[in-house]
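Visitor: Could you walk me through this model, strand by strand? I'd like to start with the turns and then look at the rings.

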Amino acid sequence: MKKATTPKTKSAATKAKEKASSSRLIDGRIKELNDWRGATLARVRSLIKEACPDVVEEWKWRGVPVWYHDGMICTGETYKNVVKMTFAKGASLEDPAGLFNSSLDGNTRRAIDFHEDDTLDEKALKALVRAAVALNTS
């Protein structure tokens, strides 16, 4: 008869190392881009942290920054002509400022595509992040 095993949980030290590693990888991506995309990703990251100071950063899917608080908030993808901020549950969020401009046909996700000369509506973006956190915690 096999003995039942319980899944191993990560220690606080392991979680801290992973968090620090993910943050360093995101720092590296921003430096590596060395153009408007890096500056935009850095600003988006900063606004996410301002809106949710205890956000958890992860590095997933071969190089995509992902932010969590009681579930995924959003990703920060970089492409040749756009920085894309995809909200995991964006279709369930109110967007009074009309920030969502991409992935509008899906049932779950919504995204914001930032282009080189776009101005970020920082107040509205932080409100959207806070709404995503509130949805995750409800």
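Visitor: Which residue in the turn between β1 and β2 has a positive phi?

Guide: Happy to start there! This is a predicted model, where local features need pLDDT of at least 70, side-chain atom pairs count only at pLDDT 80 or more, and totals for chains, interfaces and linings use all residues. Residues are numbered from 1 along each chain as its sequence is written, and side-chain values use heavy atoms, leaving out hydrogens and water. Strands are DSSP runs of E with at least two residues, numbered from the N terminus; β1 (residues 56-60) and β2 run antiparallel, joined by 5 bridges, and strands pair if DSSP finds at least two bridges between them. Their hairpin leaves 3 residues between them, and the one with a positive phi of about 50° is Trp-61.

Visitor: How many residues of strand β2 are buried?

Guide: Buried means under 20% relative accessible area, with a 1.4 Å probe and protein chains only. Val-64, Val-66 and Tyr-68 point one way and Pro-65 and Trp-67 the other, and all are buried. β2 (residues 64-68) is therefore largely enclosed by the rest of the structure, the buried count being 5 of the 5.

Visitor: What kind of aromatic pair do Phe-87 and Phe-100 form?

Guide: Rings of Phe, Tyr and Trp (its six-membered ring) pair if their centres lie within 6.5 Å; planes under 30 degrees apart count as stacked, over 60 as edge-to-face and the rest as tilted. The whole structure holds 1 aromatic pair. With centres 5.5 Å apart and planes at 80°, Phe-87 and Phe-100 are edge-to-face.

Notes:
Buried means under 20% relative accessible area, exposed over 50%, partly exposed in between (1.4 Å probe, protein chains only). Helices (H or I, at least four residues) and strands (E, at least two) are DSSP runs, numbered from the N terminus.
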